[in-house]
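Dear colleague,

Please find below the sequence and structure that I am handing over to you. My findings follow directly after it.

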Amino acid sequence: MATHLLDPDRLFSSDPLQRKISRGLYEGVKDLPIISPHGHTDPAWFAENECFGDATSLFLVPDHYVFRMLYSQGIPMESLGVPRIDGGPVETDMRKIWRLFAANFRLFRGTPSNLWMNHVFYEVFGLTEAFSVATADAFYDHISAELQTDAYRPRALLDRFNIELVATTEGSVDDLRHHRAIAGTEWARRVITTFRPDDAVDPEREDFRENVLRLAEMTGEDTHQWSGYLAAMRARRATFREFGATATDHGHPTAATADLSKAECETLFSRCLSGQASLADAELFRAQMLTEMAGMSLEDGMVMQIHAGARRNVNEMVFRKFGRDKGADVPSAVNYLDGLQPLLNKYGNEAGLDIILFTLDETNYSRELAPLAGHFPCLKLGPPWWFHDSPEGMLRFRQQVTETAGFYNTVGFNDDTRAFLSIPARHDVARRMDCRFLATLVAEGRLGQTEAEELSRDLAYGLAKQGYKLG
Amino acid sequence: MATHLLDPDRLFSSDPLQRKISRGLYEGVKDLPIISPHGHTDPAWFAENECFGDATSLFLVPDHYVFRMLYSQGIPMESLGVPRIDGGPVETDMRKIWRLFAANFRLFRGTPSNLWMNHVFYEVFGLTEAFSVATADAFYDHISAELQTDAYRPRALLDRFNIELVATTEGSVDDLRHHRAIAGTEWARRVITTFRPDDAVDPEREDFRENVLRLAEMTGEDTHQWSGYLAAMRARRATFREFGATATDHGHPTAATADLSKAECETLFSRCLSGQASLADAELFRAQMLTEMAGMSLEDGMVMQIHAGARRNVNEMVFRKFGRDKGADVPSAVNYLDGLQPLLNKYGNEAGLDIILFTLDETNYSRELAPLAGHFPCLKLGPPWWFHDSPEGMLRFRQQVTETAGFYNTVGFNDDTRAFLSIPARHDVARRMDCRFLATLVAEGRLGQTEAEELSRDLAYGLAKQGYKLG
Amino acid sequence: MATHLLDPDRLFSSDPLQRKISRGLYEGVKDLPIISPHGHTDPAWFAENECFGDATSLFLVPDHYVFRMLYSQGIPMESLGVPRIDGGPVETDMRKIWRLFAANFRLFRGTPSNLWMNHVFYEVFGLTEAFSVATADAFYDHISAELQTDAYRPRALLDRFNIELVATTEGSVDDLRHHRAIAGTEWARRVITTFRPDDAVDPEREDFRENVLRLAEMTGEDTHQWSGYLAAMRARRATFREFGATATDHGHPTAATADLSKAECETLFSRCLSGQASLADAELFRAQMLTEMAGMSLEDGMVMQIHAGARRNVNEMVFRKFGRDKGADVPSAVNYLDGLQPLLNKYGNEAGLDIILFTLDETNYSRELAPLAGHFPCLKLGPPWWFHDSPEGMLRFRQQVTETAGFYNTVGFNDDTRAFLSIPARHDVARRMDCRFLATLVAEGRLGQTEAEELSRDLAYGLAKQGYKLG
């Protein structure tokens, strides 16, 4: 195995003083339990506790980080086994796909996917050689065999990974069947849901009307009316809270919020429900709903997460052929300052409200987000998101945010992943990078050692628990 | 006292070679006199030379860096003693406020406020323990007692701090009474004013009309007319120059400039004065006034400072309750290139004109500001401003500006502060960070040692003096 | 000579471990042949192989990096010998200009021009003293004398510089006379052209109509018609390919593309040709032409380069007096995501298409460009461009791009220069900075040594050859 894959000092600065301090801090946090307050694992895994399938189905087919990079180099999605919407033929030989991945593993050099994969191979499966064309088959066989053992069932891995809590994410019309299945068991405290109502909030979705009507069925409210629609949302929030949810999540193309009169809301909602909303109507409706959701959070205490600025599915052909979330998502410039103004004018000074902001536009870190979070009682900053969930991305976040917002207006790490086996790898990267950042401050006389030790534990564990009200 | 608070190598890179070079450079500049060409100290201090009050009144109540952070964590402004506009009750027990600050001092970890505070405690007051709940009372008592001694009177501190010159900032209708009081004394050379006409230039201010009319009283010009208004501005500039001013300052929400005909100006001015200006009118008027002021600078030689991009008082409730400048200011994206074009087309090639640009939108450093300053003879770049007046902010500034604009299109450091006692701390941070940046260049073979030594003195002293014509 | 000018470790991190790794990697790439796939050298040099003139004419007068900085400090362009459009008097004493440069050489401290100059002085001319007022005359005499020797003729320098291939850039109506002159000789394989049709694509150019009509003469097509215009472009592309071109280049003010109907194109083209195009028409026409050119690239296999976001000639007085490209070019914010959408919807999934994107707006690196290049098969990222062709600029590029796009969606280095003698210096900076970046990854356990060695050769040589189809 290549030395770097084992390097116990990986991700620390190579400056000897900083490395020594980093090591010490990391030693104190590496074994803390994992809190995963925002992610996309499948609750069925934890409810049913079935064995995972083969290596390819687990690691590659569902991981858009992986197939976007392969696709960018001209490798057809079909040859990676990504299912076509029309059911047309795609590669089904999982070993063959695995080999294709191995043959192109060099593409991931310098990317977090490479770090995560190597961590999983080595730490989770004990594979001590470097992954390559030469070792691809052996890796495939070993992983696929291990996955059939009890030690690799989802619940066993929750234990082994020391995951104290993992939050999944479900849409507003989800029946929460898997969370219902574990309700009342010991697992219910460790696997909770998150309320993500985009499916019935975004009028541009093709299933918007269908979902709004489904909400009526689920709640008994008349969702043809604005008031009934809001009541249905309140009811669903209550149901989600029954299954452990402490947070909501909102993925919006922009950070726009609005504060319309009731009459304006009623008209706008009707237009959206009738399918006659313009793009501007849709944007305004989403904007209004962020403010409504903030109001409901103030009522029921749920933490509100806003993920703004991902332009989704920008490759039309890929969208038509393979559907949503196939790696064709690109950040766009976001204006948080103007966007949030209506919501903040209404609720910004409520200390009982918790809104966590995420951005893909890093220019916002120092220009808008840190100054906003460093003033408004209701605002906190989420960790670096998606493309920026990486060593350099994490450094930029801390370097650009800390001096204005401090550490205590941030909320620890989110792995934000559907790749369950990579959760420890991702938290490990975050812990190492935070220790590294703190070590720099200590080494440069900007922070005391004791303060750094306390902060390292807060960043690795405490702030996530507190920020998401998981106490 | 925690070791880091005393670290003589603080803020230098921990790389031994870079640290050694940094130390050497710093040794050569640390005792240079302080030039503070842009700031917000109160000229009454230097005119009256009264003792400062207690620790809380001096450090906390007026420092929006401090109470914004405390407020962001849900601590009410009232409990911090920030006065309400309506005269309603706020905390008046200064010791209690001080204890509250101590109890939350952890919030400032990693921020420049922390650095400045520790510097003041240790260097100015000789307090060698760490500031905490445990030491809060002792600190309060010690500081408050020292402040009553002659050694801590404003003029004594000017000497002790080795401040060669400090510029205050006054509005266009200020009577300059404090500067008048010291006129003719030895202090007049060390304490000068700066002409900041926003009060009579920004039609969105509630006191715009009142200030324009006040200008008439002060100058005898008919400020109901555009020509009289300009004449009044010229007269006020002349008066400010009598009290030492070498510079003007302009805080505008955007970088827009304009070059309208006289007839257009007359109509626009009338509309603004009558209170019927639209937001677009107000923006255009401010834009035109930047160009007018540049023209006047060309006549009278005053250096023109443009601070663009701060959206002020964005928290409506806080603004209504506590007024301006209460920590609710957030940067917004700025377009310097299009904004400055009209002014630059008119005056950009005048080598006799000096315009210093400041931004809160760091994306402008490499994209617009360094290229502009690296071409136009009239443009120089001010130091990193406000939120970016911090170690990381200073590094980003040098890293993103130097390769395109060099060092000689920058103008040294501004402390920009009303916190008099922190002036040495702030200059010390700037000197250390500049020495650190230069040390990196030397250590990486990008700059000679002799050149670095010369530059370190220029950045700490020479460029400020020259850039603000303080020779 | 000052030590730093000779530092064999220049540009490497001063961290001993990183420096050691950097050195090792650099050792393996420093002598690789130079591929210069995009630049602005004069093909006449290689066709005629005449001696260059004096030091000033070669280094200063044509180098807008140099005179922009001198001009920014108030030194008139006339005194630098920059020719005036009206033929008015400018300095013609080349030695005097050279001395003026020497007297102001401090302005370039910390800039890449300084690095390049020192490299040329030392490595190309063997001048071992520091350049200064004291040595200016000796340098001038030595350089000017050397330039008259055969060893400094263009072809000899191509050999000495180990330049395997250099691409020049010619407009669509260029007669390619110099490339014709070397056709069939051994030099034709080493000196190739690039097709840059901006002269007949940008309706805002004063010579647009003239150039479109000239295209008709050159190709026999009726360029009054949209179809004939396209046919003429195709013909010119074919001719350029005869003279080695493997790439086209497009310098546009924005990244806008369009996908209009044929009828819309015909009308728009007529309007542009008639000189009645609005600014919006001109923008739309350029946008459409990027898509047309992508279509032609798919037909003929030429690699397409898009350089977007330079606002040219923003100083009106300088433009009127001295013409284009006189250092008054400033980057502006660019929206790649929306801009490229029409083109990408049409051709984005064509693995046979190669589009290389360049930006001057670094905020795009992590926000738009890396995510786009990390997904679309047709997209690759060009190296840091113009103002960012510098040590810090290169670091920011790798730090912000690699984690999302990897290394293999980039295409090696471009020197992009008309300063022939600085080509080795520029490639040396790029090789050193890439080795440095890789060394950081190795030292921090993020990349294996063997992988880094392979990557260092790819970044220095292989990717340029492959990315520009120079195979």
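Of the 471 residues in chain A, 58% are buried. Please bear in mind throughout that this is a predicted model.

The overall dimensions of chain A are as follows. Taken along the principal axes, its C-alpha atoms fill a box of roughly 65 × 60 × 45 Å. A compact globule with 471 residues would have a radius of gyration near 23 Å, and the 22 Å of chain A therefore agrees with that expectation. The secondary structure of chain A consists of 20 helices and 11 strands. Where contacts in chain A link residues at least 6 apart in sequence, 75% of them join residues at least 24 apart.

Helix 17 of chain B (residues 363-373) and helix 18 of chain B (residues 391-405) have axes that come within 8 Å and cross at roughly 40°. Because angles under 35 degrees count as roughly parallel and those from 65 to 115 as roughly perpendicular, helix 17 of chain B and helix 18 of chain B are oblique to each other. Their crossing is right-handed.

On the side of helix 17 of chain B, the contact is made by B:Tyr365, B:Ser366, B:Leu369, B:Ala370, B:Pro371 and B:Ala373. Helix 18 of chain B contributes B:Phe397, B:Gln400, B:Val401, B:Thr404 and B:Ala405. By class, this contact has eight nonpolar and three polar residues, with no charged residues.

With kind regards

Notes: Residues are numbered from 1 along each chain as its sequence is written. Chains are lettered from A and ligands numbered from 1 in the order in which they are written. This is a predicted model: local features need pLDDT of at least 70, side-chain atom pairs count only at pLDDT 80 or more; totals for chains, interfaces and linings use all residues. Axes are lines fitted to C-alpha atoms, for helices over the stretch in contact, and angles run from 0 to 180 degrees between N-to-C directions. Helices (H or I, at least four residues) and strands (E, at least two) are DSSP runs, numbered from the N terminus. Angles under 35 degrees count as roughly parallel, over 145 as roughly antiparallel, 65 to 115 as roughly perpendicular and the rest as oblique. A crossing is left-handed if the near helix is turned anticlockwise from the far one by less than a right angle, and right-handed if clockwise. Two residues are in contact if their C-beta atoms, placed from the backbone, lie within 7 Å. Ala, Val, Leu, Ile, Met, Phe, Trp, Tyr, Cys and Pro count as nonpolar, Asp, Glu, Lys and Arg as charged, and the others, Gly among them, as polar. The radius of gyration is taken over C-alpha atoms; the globule rule is 2.2 Å times the number of residues to the power 0.38. A residue is buried if 20 or more other C-beta atoms lie within 10 Å of its own, exposed if 12 or fewer, and partly exposed in between; C-beta atoms are placed from the backbone.
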